[in-house]
Amino acid sequence: DPDRKEIIEKKSPLIFGTSEEMIKHSGEGTVAGDMPESFMGVPIIHNRLVTGVITVQDLDRQHLYDKKDVRLLMTLASNMGVALENARLFEETKRLLNETQQRNVELSILNTIQEGLVMEMEFEAIIDLVGDKFREALGFQDLGIRLYDKETNILHFPYEYEHGERLHIDSMKPTPFSKHVLSTGKMLLLKNNTDEEARKLGIKGQVTIPGTDRSKSLIMVPIMLGSEAKGLILIENYDEEDAFTESDIRLLTTVANSMSVALENARLFNETLRLLDESKKRTAELSTVNSISQAIVGHLEIDKLINLVGDKVRDLFNANIVYVALLDKETQIINFPYGYGDEYPPLKLGDGLTSHIILKKDPLLINKEADKKTEELGVERIGKASASYLGVPIPVGEEIIGVLSVQSTERENLFNADDLRLLSTIAAHVGIAINNANAYEELNKTLENLKATQDQLVAQEKLASLGQLTAGIAHEIKNPLNFVNNFSELSVGLVDELKEEFEKFSDKFEEDTLDELNDILKTLKQNAEKIKEHGKRADSIVHSMLQHSRGKTGDKQSTDLNAMLDEDLNLVYHGMRAQDNTFNIKIERDYDKNLSDIKVIPQDISRVFLNILTNGCYEAHRKKKELQTEEPAKIMVKTSESSKHIEISIKDNGSGIPEKIRENLFTPFFTTKPSGKGTGLGLSISYDIVVREHHGELLFESEEGEYTEFIIKLPKNK
């Protein structure tokens, strides 16, 4: 009020004898409550500073106080100022002593924690150290230290106490409170842990972890590294609201800051150790791979190479089952050129874990419950049951050619990710080595074929240059050969007649003499039959020589292709029956009865028909004979006519033409028949006759195991 303000500002006493004086000096209503009749007020001064005011009032009596009372009150105020200042200094000193003691306690705790943090380089040890110190030194029994993985948005609970008991909480996404602290990077203090207080902070949802209780007050402090929260420290109180002081908050914040640095150091240290460990493992792996690579370098024989790799892998992994599996693409059969510890019959692609790896093109590691996990993959287990299984694909480029596998029938969890990586690296080197070996083998075959082709070309050139001479010689040989054949047949007959004559005079000869004569006759007959047999073979050879050496007339004649095809079909059938009495084939004819005559070189087109018909009959009969099928060997011939072409189709139900040889089908000297059964010139010559001489087309369609169909298209206006 104005009176006390005046006393403080002027540092001098103030006295009134009546209420009218007070009103006149200070104004109506300047004193709270009833207006006094007598008023005296003095300042409390210490070291020239006003620290307060003492007032004395009487509501009834006027002029109660005089100057003596003022002096007395001033003396009392002066002493009181000294006493109050002494009391203030005492309280301040006491407060400072308390704060100093608390700081000493905090510093002691921090020093202990920081010393431990400097010594420890493991996450778990650092976290346990901080948590245990808080609980021991400050009595915080309900405390949690939580670490946050930002990439996965998962919160981990390595240290958690509630009601003084340690909890084990599964990792989960951050709770609303934790999310608030982690996202803002700021401390969260809830003096009253209620939904209403949470809503004021914009926090909604289930704030309590399932299976835990809700505290009455809590502090959450983020563990910051730079501007990013790596985790948080939580202290709760389940008995009191507003249970935490400023010093608790300050201490918690300081420890969290120290902890963030220690955790990052530990992470870097552990990462360094991991990298060193990986470096050592990589060095060991490279050494192993290099030793295997050096061992297989120079091995260009696939069998030796695979055996070498199998033995090396078996020693390296100490496995009691090892195999190398290779896929035959043509037959879709998986073979096992190397196998140890089990039986390895060939498998169809689609059976077993090996097929699973080839088809998925991914490695497979099963360390426990192998039978159960194999069943879960939808694969039927083949061979011995294994406790640990590791199999990796053998790649060649983008293609998987096989599988390399190691197994243990005794121990689970024998193999790990490092073993998988090492075995995959070895398998890649094996794929390269096998590819090189195959290429080397293919190169050798190509060189051999090239040499054979060169020899054949030389021979063909010689034959071409001596064609006319060959034809003349063949004609000259044929005449005496006819005499040899004819007289050999006569000789057989004469021997039989001579034997009959001897039998008529058998009584004229002694028995021994007769037996000797019969033996001689038998030998003569055998010799004559041999002469006859080889004479016919020589006649066949001369006939072939004449056929291949005959010149081309180049004269085209109007020809009935239906009649020519039917005649050639009969010739092929009877010719093959004469060579093989087991030969039999079903012939299906579908001739266009209105087929127009066409101008062709008859002997050349006939040669084409004979070649293709012979090949078709041979393949259909061979399939029937080898597979012992109930379906008969079959050849189907068909003619048709369009506005531009005459078309002839010759189809057999043989084994078909393999995909890999189709592009070479019309190449000279290329044949799929066994050695001595074909020259490889038939289709090549046929192609030249149809395409180059007659300007037509020679096409084929085939399905392996089912059929082959050759289609001849001859233009009508050429």
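A salt bridge is a side-chain nitrogen of Lys or Arg within 4 Å of a carboxyl oxygen of Asp or Glu. By this rule the structure has 19 salt bridges. The model is a predicted one, in which local features need pLDDT of at least 70, side-chain atom pairs count only at pLDDT 80 or more, and totals for chains, interfaces and linings use all residues. Residues are numbered from 1 along each chain as its sequence is written, and side-chain values use heavy atoms, with hydrogens and water left out.

Helices (H or I, at least four residues) and strands (E, at least two) are DSSP runs, numbered from the N terminus. Glu 197 and Lys 200 both lie in helix H6, three residues apart, about one turn of the helix. Their salt bridge has its closest N and O atoms 3.3 Å apart. An α-helix has 3.6 residues a turn, so residues three or four places apart point the same way. Burial is stated by relative accessible area: buried means under 20%, exposed over 50%, and partly exposed in between, with a 1.4 Å probe and protein chains only. Glu 197 is partly exposed at 24%, and Lys 200 is exposed at 59%.

Arg 421 and Asp 418 form a salt bridge at 2.6 Å between the closest N and O atoms. These two residues are three apart in helix H11 (residues 417–465), so about one helical turn separates them. Arg 421 has a relative accessible area of 26% and is partly exposed. Elsewhere, Lys 586, Glu 588 and Lys 634 belong to one network, joined by salt bridges that share partners. Lys 230 and Glu 228 also meet through their side chains, in a salt bridge of 3.6 Å from N to O. Lys 230 is partly exposed at 34%, as is Glu 228 at 30%.

The next part is a sheet. Two strands pair if DSSP finds at least two bridges between them. Six strands form an open sheet with antiparallel pairing, in the order E6-E5-E4-E9-E8-E7. Its edge strands, E6 (165–166) and E7 (188–190), each pair on one side only. E7 runs antiparallel to strand E8 (residues 217–225), and three bridges join them. Leu 189 has Ile 219 in E8 as its bridge partner.

Helix H5 (residues 176–184) packs on this sheet and touches E4 (143–149), E5 (154–162), E7, E8 and E9 (228–237). Contact here means heavy atoms within 4.5 Å. The direction of H5 makes about 40° with that of E8; axes are lines fitted to C-alpha atoms, for helices over the stretch in contact, and angles run from 0 to 180 degrees between N-to-C directions. Within H5, Pro 176, Phe 177, Ser 178, Val 181 and Leu 182 are buried. The cover over the buried residues of H5 includes helix H6 (195–200) as well as E4, E5, E7, E8 and E9. After H5 comes Gly 185, with a positive phi near 70°.

The nonpolar cores come next. A nonpolar core is a set of buried Ala, Val, Leu, Ile, Met, Phe, Trp, Tyr and Cys residues joined through side-chain atoms within 4.5 Å. The largest one has 36 residues, and those with the most contacts inside it are Leu 561, Phe 609, Leu 613, Ile 648, Ile 712 and Leu 714. Among the elements giving two or more residues to this core are helix H14 (561–579), helix H15 (602–627) and strand E22 (707–715). H15 supplies the largest share, eight residues. Leaving aside neighbours within four places in sequence, Phe 609 is in contact with Leu 561, Met 564, Leu 565, Asp 568, Ile 648 and Ile 712. Another core, of 27 residues, lies apart from it and includes Phe 317, Val 406, Ile 426 and Ile 434.

Strand E22 also takes part in a hairpin. Strand E21 (residues 697–703) pairs with E22 in the antiparallel sense over seven bridges, and Phe 700 has Phe 710 in E22 as its bridge partner. Three residues lie between the two strands, and Gly 705 in the turn has a positive phi of about 85°.

At 12% relative accessibility, Lys 623 counts as buried. Not counting residues up to four places away in sequence, Lys 623 touches Gln 628, Asn 653, Gly 654, Ser 655, Gly 705 and Glu 706. The side chain of Lys 623 reaches the backbone oxygen of Gly 705 at 2.9 Å.

Definitions and conventions
A polar contact is a pair of N or O atoms within 3.5 Å; within protein, one must be able to donate a hydrogen and the other to accept it, and residues adjacent in sequence count only if both atoms are side-chain atoms.
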